[in-house]
Amino acid sequence: MIGDIIESKECRRKDPMELFRSGQVVKISAPMVRYSKLAFRTLVRKYSCDLCYTPMIVAADFVRSAKARDSEFTTNKGDHPLIVQFAAKEAQVLCDAARIVCPFADGVDLNCGCPQRWAMAEGYGACLINKPELVKDMVRHVRNQIDNPKFSVSIKIRIHEDLKRTVDLCQKAEAAGVSWITVHGRSIEERHQPVHYDAIKIIKESMSIPIVANGDIKTLKDAENIHHLTEADGIMVARGLLANPAMFAGYEETPFKCIWDWVDIALEHGTPFTCFHHHLMYMMERITSKQEKKVFNILSSTSAVLDYLNDHYGV
C-alpha cells in the first residue's frame, strides 16, 4: 500500500534510462495480470532481472479510488527500478495516475498492446495503436506535467499488418518525448502465431530511442538470439519468467534454490495462497512428473505445500 512505502520516496529512486545507456541488453520482467506483483518482482530481481513492471492498472479507477490504489500498487525500498503500467484513454487521467505513483516508482508505461476484448471495448490497450495522435498527446502530457526529468514515460505496443503505420506511431511517440517503446511482435488478431521479429528490427532501425523486443522468449538463449535478430536494446519476458524466474541468470529450468527463495519471499509478503501456489505450479512444470503434478496441483493450503516440498525435494 502506498502508505507503507513513503520511506522509499527519496533514497531509492533510479533512472531507468541509465540501464539502456549501459550498452548491455536490458532484461525486463513484463506486466502480467495477477502475477507481476511485489513478491514475484522481488524474486526475479534476485536472478539478474534489471527492470520490472507492475501488472496493468486501469488509470481511471486508480485515480478515483483509494481502495484501488491500495490493492493494485504495492512496493518497497528494494523494488527499483520499477515501471507502473497503466491502461488509459485520456491524457489528463494518465497524468493524474502518474503523479500519484511518481514519488514511489521510476516511470509509467502506457498499455497499447492488450488485445483482450474488455480492454478494447473500453478504448484501452491495443486499440490505441490505431490512435497515434492520442498516444502522442498522452505521452506529451505526462512529460509536461511530471517535474522529475528522470521519470520515464514508455509505451508497449503490438504491430499493424501494415508496418508503416507502426513506424509512424512510434515516430510520433518519439517526437512527444517517449523514453522507450516495447514492441510485442504480433498484430492484434494474432495470438499463437510466430512472432514477427523482422518487424521489430525494422522499427528499431527507424528510431533513435531504445526499443524493447517482446514475444515468445523462454530462455536466456532465446533472449540472446532475439537480441541479435532485432538489435533491440532490451528483452521483455512474461511466461518464460513465470516458468523459470531464474531464466535471466542463465538457468535452463527453475533451480530448487529459486523455489525456496519464492517460498521465503511469498510468506514474508503475505502472498495469498492461490497466487503462492500458482507460481509454484508454473515454476515446477518442467521439473515434476505427470503424477507429481496431479498431487501438487490440488493441494489447498500453505502447510500442505510446504510439507510436499519438504517430503519430495528436501526443500
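Analyst: Contact here means heavy atoms within 4.5 Å. The model is a predicted one.

Start with helix α8. Helix α8 covers residues 163–176, 14 residues in total. From first C-alpha to last, α8 reaches 20 Å. That is close to the 20 Å expected at 1.5 Å a residue.

Next, its buried side. Leu 163, Thr 166, Val 167, Leu 169, Cys 170, Lys 172, Ala 173 and Ala 176 are the buried residues of α8. The list includes a lysine, Lys 172. An α-helix has 3.6 residues a turn, so residues three or four places apart point the same way. Just after α8 comes Gly 177, with a positive phi of about 105°.

Now the charged pairs. The structure holds 13 salt bridges. One of them joins the side chains of Arg 186 and Asp 216, with N to O at 2.7 Å. This pair links distant parts of the chain, 30 residues apart. Arg 186 lies in the loop between β7 and α9. Asp 216 lies in the loop between β8 (211–214) and α10 (220–230). Arg 186 is buried, at a relative accessible area of 4%. Asp 216 is partly exposed, at 38%.

Salt bridges with shared partners also join Arg 41, Arg 45 and Asp 79 into one network. Arg 41 is in contact with Thr 54 as well.

Thr 54 sits in the loop between β2 (51–53) and β3 (57–58). Thr 54 is buried, with a relative accessible area of 1%. A polar atom of the Thr 54 side chain lies 3.1 Å from the backbone nitrogen of Gln 85. Beyond neighbours within four places in sequence, the contacts of Thr 54 include Pro 31, Phe 73, Leu 82 and Val 84.

Two further salt bridges remain. Lys 27 and Asp 50 meet through their side chains at 3.9 Å, N to O. Lys 27 is in strand β1 (residues 26–29) and Asp 50 is in the loop between α2 (38–46) and β2, so the pair ties together parts 23 residues apart in sequence. Lys 27 is partly exposed at 22% relative accessibility, and Asp 50 is partly exposed at 24%. The side chains of Asp 15 and Arg 21 meet at 3.0 Å, N to O. Asp 15 counts as buried at 15% relative accessibility, whereas Arg 21 counts as exposed at 56%.

Definitions and conventions. Residues are numbered from 1 along each chain as its sequence is written. This is a predicted model: local features need pLDDT of at least 70, side-chain atom pairs count only at pLDDT 80 or more; totals for chains, interfaces and linings use all residues. Side-chain values use heavy atoms; hydrogens and water are left out. Helices (H or I, at least four residues) and strands (E, at least two) are DSSP runs, numbered from the N terminus. Buried means under 20% relative accessible area, exposed over 50%, partly exposed in between (1.4 Å probe, protein chains only). A polar contact is a pair of N or O atoms within 3.5 Å; within protein, one must be able to donate a hydrogen and the other to accept it, and residues adjacent in sequence count only if both atoms are side-chain atoms. The expected span of a helix is 1.5 Å times one less than its number of residues. A salt bridge is a side-chain nitrogen of Lys or Arg within 4 Å of a carboxyl oxygen of Asp or Glu.
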